[in-house]
Amino acid sequence: MMKDTKIAVLIDGDNIPSKYISEMMEEIAKYGTPTLKRIYGDWTKPHLSKWKSVLLENAITPIQQYSYTTGKNATDSAMIIDAMDILYSEKVNGFCLISSDSDFTKLATRLREAGMLVYGMGEKKTPDPFIVACDKFIYLEILKKDTIKQLNGTKPKKKNLYNITPKIIRLLQNSVDDAADDDGWAFLGDVGSLILKKQPNFDSRNFGYEKLMPLFKSLDQFEVEQRDQNNTRFKLIYVRNK
C-alpha cells in the first residue's frame, strides 16, 4: 500500500446508499489521496435525492446519466467509459470502484492489467467475480458497524469467533506457512499481503477485530511474537502456526 497513491473514486449512485458516505471517505483516506471523486446516476430520479445533500460537503462531482433505454444500466456504461478516460489521462495510480454490481468486474480486471491498484467497496450482496477482480474489497456494512461501536464506546469481544470458519482458519494457516522462514515464523505484514492476494474481501473487521494481530492472538492455532526493532520504539510482529 502506497500512502501517496492518487485515487480516482467512482461511485455507482444507483446502487449505493448515501448513508455510507462518511465511512467510505474515511476508509479511502487510509489507502491514498482521493484526487477525483465522481458519482453517477440519473439525478432527475427521486431515489438519488439523499445523495444530493451530501455531495457538496464531500466534494463529490455528480455526473448526470439519463436512462435512455429500459433494461440497460446507463450509469454502469458512463462510469466504465469515464474510468478508461481517467486511466489514459495518467493522473492517478489507483481506483476505488464503489458498487455492489458485478457489471464492474471486467473494468476492475482491465484497470489492474494496466498497473492500477483497484479497491472495491460494496454491500455484502456483491457477487464474488467483482470482489476477486479487486486488489482489496471492503464491505460497507463493516464500516458502518465500526462507526456505531465508536459512538457507543464499545469494543469487540476478545473471543469473537462466531463467523471464523474452518475455511478461514486454513487460509490463515496456509498463508503463514507460505510466508514463513525456516523456523516457521512469518512477518505479519507479509502474511496480510498474501491473504489479500488470495482473498481480496478478507478483513479482520469482518470478525470483530480492528487489526490483524489481535485476530491472530485470539486464535488458539497460532503463536504471535513481538520483536524489538533496532534503534526504534517500534516492534515487528511475527506469527507462527502451532
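Mentor: Happy to! Let's begin with Cys-134, which has a relative accessibility of 1%; buried means under 20%, so Cys-134 counts as buried. Keep in mind as we go that this is a predicted model. Where does Cys-134 sit? You will find Cys-134 in the loop between helix 5 (128–132) and strand 6 (136–139). Now look at what surrounds it. If we set aside the neighbours within four places in sequence, Cys-134 is in contact with Ala-108, Arg-112, Val-118, Tyr-119, Gly-120 and Pro-200.

Next, turn to the helix pair. Helix 7 (residues 166–179) packs with helix 8 (residues 188–198) at an angle of about 125 degrees, and their axes are 9 Å apart. That angle makes helix 7 oblique to helix 8, and the crossing of the two is right-handed. Which residues of helix 7 meet helix 8? On the helix 7 side they are Leu-171, Leu-172, Asn-174, Ser-175, Val-176, Asp-178 and Ala-179, and they meet Asp-190, Val-191, Leu-194, Ile-195 and Lys-198 in helix 8. Sorted by class, this contact has seven nonpolar, two polar and three charged residues.

Finally, visit helix 1 (residues 21–28). Six of its eight residues are buried, so helix 1 is largely enclosed by the rest of the structure. The buried ones are Ile-21, Glu-23, Met-24, Met-25, Glu-27 and Ile-28.

Technical notes:
Residues are numbered from 1 along each chain as its sequence is written. This is a predicted model: local features need pLDDT of at least 70, side-chain atom pairs count only at pLDDT 80 or more; totals for chains, interfaces and linings use all residues. Side-chain values use heavy atoms; hydrogens and water are left out. Axes are lines fitted to C-alpha atoms, for helices over the stretch in contact, and angles run from 0 to 180 degrees between N-to-C directions. Helices (H or I, at least four residues) and strands (E, at least two) are DSSP runs, numbered from the N terminus. Angles under 35 degrees count as roughly parallel, over 145 as roughly antiparallel, 65 to 115 as roughly perpendicular and the rest as oblique. A crossing is left-handed if the near helix is turned anticlockwise from the far one by less than a right angle, and right-handed if clockwise. Contact means heavy atoms within 4.5 Å. Ala, Val, Leu, Ile, Met, Phe, Trp, Tyr, Cys and Pro count as nonpolar, Asp, Glu, Lys and Arg as charged, and the others, Gly among them, as polar. Buried means under 20% relative accessible area, exposed over 50%, partly exposed in between (1.4 Å probe, protein chains only).
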